[in-house]
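Please look over the ligand site and the pocket of this model with me. My comments are set out as numbered points.

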Amino acid sequence: MKKDYIKENKNAYDTLAHEYENRNYAVQDDFYQNIMFKDLDFTKGKKILEIGPGRGARLKNFCDYGLDVTAIELSSEMSKLCLEKAPRAKIINKNVFDCEFKDKFDFIYMEAVIHNFPITEAEKLLDVIYNWLKDDGILICTTTVDEIEKEGYQEKQDYDNKIKRFRHHYTEESFKNLFIKHNYKIKDKKYKEEIDKDRKKLWQILYLTK
Ligand SMILES: C[S@@+](CC[C@H](N)C(=O)[O-])C[C@H]1O[C@@H](n2cnc3c(N)ncnc32)[C@H](O)[C@@H]1O
């Protein structure tokens, strides 16, 4: 398998980009602003890096807060959507493992992305981004709550286009332990419930520090 998952994921998200853009989202902007970002100090000019922004909805929020916004997005189709929504953001259309930064970030944001990596690669990624985070920086990372930990190529059930991408499923325990093993401290935890006709998912949101 090795790096094949990157190729498969790029192809899947290039193909799904317009479905992502046009779907109805059960959780709207106000959840992010009033709950998810509520306790974060998004003072103008603070530096945020989003990894895997997809269609760019959160990038737009980050720009609206006046943050200094950088994003790394594997899919070229998703990157185009990001540029349309958040023209002020610096969008890097690359695999995250091919990126380097001189400056460090106040925030690193990964929503629904960590689970696209096999566990061994997710572990490498956590070590890489540890060095991109300022000493008092915060990593925000989300995935679904699953009852059994497992991984492999999987079709996206809630999209019309039944294309496969790599998916790791975490339990609450295994998600927490992933970060603890890589020297992060858990600062806070929140949940996001997505319940509509297509999706019935519970998401776990971890806020992590060094
Ligand atoms: C499930 S989507 C989530 C998109 C968005 N964060 C959201 O919550 O709607 C995962 C995104 O991560 C991107 N991605 C996956 N692997 C990546 C990698 N190795 N480097 C950069 N981006 C990656 C995909 O192209 C896709 O846009």
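The points below take the ligand and then the pocket.

1. This is a predicted model, in which local features need pLDDT of at least 70 and side-chain atom pairs count only at pLDDT 80 or more, while totals for chains, interfaces and linings use all residues. Residues are numbered from 1 along each chain as its sequence is written, and side-chain values use heavy atoms, with hydrogens and water left out.

2. The ligand is surrounded by 20 residues, and the closest are Gly52, Glu73, Asn95, Val96 and Glu111 (a residue counts if one of its heavy atoms lies within 4 Å). Helix α1, residues 4–22, gives the most to this shell, with 3 residues (helices are DSSP runs of H or I, at least four residues, and strands are runs of E, at least two).

3. Polar contacts are pairs of N or O atoms within 3.5 Å. A nitrogen atom of the ligand lies 2.8 Å from a polar backbone atom of Gly52, and a backbone N or O atom of Glu111 is likewise 2.8 Å from a nitrogen atom of the ligand. Of the 590 Å² that the ligand exposes when taken alone, the protein buries 95% (Shrake-Rupley method, 1.4 Å probe).

4. Which residues lie nearest the centre of the largest pocket? They are Tyr20, Gly52, Gly54, Glu111 and Ala112, from a lining of 45 residues (lining residues have an atom within 4 Å of a point on a 1 Å grid, and a pocket is an open set of points with protein on both sides within 12 Å along at least five of seven lines). The largest share of that lining, 5 residues, comes from α1.

Terms used
A polar contact is a pair of N or O atoms within 3.5 Å; within protein, one must be able to donate a hydrogen and the other to accept it, and residues adjacent in sequence count only if both atoms are side-chain atoms. On a 1 Å grid over the protein atoms alone, a cavity is a set of points where a 1.4 Å probe fits but cannot get out, and a pocket is an open set with protein on both sides within 12 Å along at least five of seven lines; lining residues have an atom within 4 Å of a point.
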